[in-house]
Every structure is written in structure tokens, then in C-alpha cells.
Amino acid sequence: MEQPAPTPRLVELLRASGPLLVLTGAGVSRESGIATFRDAGGLWEGVDPTEVATPGAFARDPLRVWRFYDERRARAAEVQPNAAHHAIAALERTGRPFLLATQNVDGLHERAGSASLVRLHGSLWRVRCTREGNEREDLSPSLAPLPPRCVCGALLRPAVVWFEEPLPAREFQDAAAFARRAELVLVVGTSSLVYPAASLPLIARDAGAYVVEVNPERTPLTPDAHEHLEGPAGTVLPALLAAAA
Ligand code: BJW
């Protein structure tokens with residue numbers, strides 16, 4: 001597929017020094033071999049999200065929920081960050097005010113070297129005690145025997161944000177504050193269906209930012225974006241990085 005060239009306006013903004021916000025979703029990890037949620041063959045195909053990604057699902061059947069997350073930990077542990085993750089980390093190193101707000105829980109941005117990052121939907125690599133609420137990192141690819149338990153004896157849960165749960169307040173506030181002062185926003189690999197994350201580009205646009213969507217498909221954001229760069233993130237983002245140089 002031929003890639004759309006960035007417009008002169010976008011090239012100018014990529015070379016500028018104003019705040020750059022990047023919002024990512026599952027599509028950014030697809031070229032690493034991690035399935036998205038809603039594409040054909042994605043994680044929700046044949047799986048009702050309310051049976052694996054809600055507090056009620058965990059209360060009803062923690063083993064089923066843990067099997068779903070343990071398989072995803074194993075997959076995430078065996079794949080590598082791709083050209084899109086690396087391009088985003090390189091954009092941060094250009095030195096302009098920068099924030100990466102990711103909905104992804106796979107840890108690939110961190111492994112590519114992104115440091116100014118907020119995790120809007122938590123992390124696959126953290127667990128939380130359902131009794132005491134304390135959270136800790138656990139990087140083992142599997143937490144078997146499932147479901148894992150805290151030293152206090154209570155069930156552990158994945159420290160991710162399920163439907164009906166609030167996003168971590170500090171992370172969302174930081175992302176929204178940055179969106180309000182961003183000059184340029186790159187929205188990469190998200191269906192823009194899930195709120196409140198999907199509101200960030202709209203907040204930024206209302207405050208004057210130039211919003212660019214990178215996605216092989218159109219989304220509900222597309223009509224509101226200044227540009228839609230149609231293509232896979234692993235190709236489009238390195239081209240943007242090159243244009244910024
Ligand atoms: C490529 C590509 C390539 C492919 N390159 N691109 C209004 C109406 C009804 C409900 C709501 C509403 N507003 C809010 C809600 C509730 C709900 C919601 O938004 N529902 C909508 C679905 C309607 N939101 C919530 O419940 C949130 N909490 C909340 O609102 O709390 C309020 C509250 C306040 C106070 C007290 C209590 C509550 C929480 C949302 C949590 C979402 N959690 C999940 C699971 C996280 C853990 C896990 O990973 O398992 O987050 S769901 C899932 O969706 C996951 C993702 O982060 C999220 C977004 O998905 P994403 O990343 O966009 O992936 P896809 O698959 O949808 O899209 C992939 C895209 O990539 C596609 O566009 C492809 O084209 C593209 N792509 N290859 C670039 N190579």
C-alpha cells in the first residue's frame with residue numbers, strides 16, 4: 001500500500017518545538033504480533049468483553065479472567081517492540097515537551113525506551129490485592145497456578161482498567177492537562193471507541209491542537225482529525241520521524 005505523504009503543515013509541526021502528545025491503542029502493537037481487540041481475529045472475536053474485562057466477570061469467574069490475562073502476558077513476553085514503538089520513543093528524544101498516553105497494557109512502549117508515558121488502562125505486568133488494594137510489579141510471563149493469590153491469602157487481580165472502572169485519576173488528569181496545551185497530537189492505532197481515553201484528542205483539538213490520526217481504517221475520530229494518515233503505524237510513524245529530521 002502506498003503511504004500518504006505528510007502535508008507541509010504536518011512537517012512544519014513535526015519540526016516545531018511545541019508540546020507533542022501521542023495517544024496509542026492496540027493497533028500500535030499489532031505489527032509486533034499482539035492482537036487488537038476489535039479487528040477481525042482480535043481479542044473480542046468470539047469473546048464477550050463483559051465476561052473477561054469487567055469487575056463483575058472477575059467476581060463471577062476469576063479463573064476464566066486470569067486465563068485470559070495470563071495468555072496475554074505470555075504473548076507479550078515473547079514479542080518485541082516494532083518500528084512504531086521505536087519511532088514514538090525517538091520522537092520523545094527530540095527534546096520538545098512530550099507525553100505518550102497509552103491505552104495499551106503490554107509494556108512494549110516502555111521496552112522501546114519511552115519514558116514520558118502515562119498508562120491510561122494499567123499494566124499487564126502489575127497485580128493488585130483484592131483485599132488490601134496494594135499493587136506490585138510482577139514480570140513473570142505466567143502467574144500459574146491460577147488464579148494467583150496475595151501473601152495475605154486474598155485473590156490478586158490484574159492491575160488493568162476494566163469497563164465500568166474509573167481510569168487512574170492522576171494519569172488521566174496528566175494526559176488531559178497535556179492535551180489542553182498540546183500543539184500537535186498523534187492518535188495511533190486506536191478505534192477511538194473507548195472513553196474517556198477517546199476524549200483526549202477532542203480536548204486537544206478544542207484547545208487549538210492539530211490532530212493527526214494514524215490508522216489503516218477510519219474511526220469515529222476521523223472526521224474530527226485534521227489529517228488521517230491511512231496505513232500501518234510501523235510504516236507511517238518512521239516516515240513521520242524522517243520528515244521531522
Ligand atoms: C492499526 C494497525 C496498525 C490495526 N497500525 N493501527 C458512553 C456510552 C456507553 C458507555 C460509555 C460511554 N462513555 C464511557 C462509557 C463506558 C466505557 C466505554 O467507553 N464504552 C464504550 C465501548 C462505549 N468506558 C469505561 O467503562 C471506562 N471507565 C469509565 O468510563 O469509568 C467511569 C467511571 C467513573 C467513576 C466511577 C466508575 C466509573 C473504562 C474503560 C476501560 C477499557 N478497558 C479495556 C481493557 C483494558 C485491559 C486489557 O487490555 O484487557 O481497554 S477495553 C479495550 O479497549 C482496552 C483498550 O485499551 C481499549 C481501546 O481499544 P483500542 O486500543 O482502541 O483497540 P481496538 O481493537 O478497539 O482498535 C485497534 C485499532 O487499531 C483499530 O482502529 C485498527 O484499525 C487499528 N490498527 N492495525 C495502526 N498496524
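This is a predicted model: local features need pLDDT of at least 70, side-chain atom pairs count only at pLDDT 80 or more; totals for chains, interfaces and linings use all residues.
1. A quick definition to start: a polar contact is a pair of N or O atoms within 3.5 Å; inside the protein, one atom must be able to donate a hydrogen and the other to accept it, and residues adjacent in sequence count only if both atoms are side-chain atoms. Tyr195 gives us one, with a polar backbone atom 2.7 Å from an oxygen atom of the ligand.

2. Residues are numbered from 1 along each chain as its sequence is written, and side-chain values use heavy atoms, with hydrogens and water left out.

3. Around the ligand sit 34 residues (a heavy atom within 4 Å counts as near). Arg38, Tyr69, Arg72, Thr190 and Ser191 are the closest.

4. Now the salt bridges (a side-chain nitrogen of Lys or Arg within 4 Å of a carboxyl oxygen of Asp or Glu): the structure has 12. One of them joins Glu183 and Arg96, 3.3 Å from N to O. These two are 87 residues apart in the chain.

5. Over in Asp174 and Arg170, another salt bridge spans 3.5 Å between the closest N and O atoms. Both residues lie in helix α6, four residues apart, about one turn of the helix.

6. Finally, Arg73, Arg136 and Asp138 are linked in a network of salt bridges.
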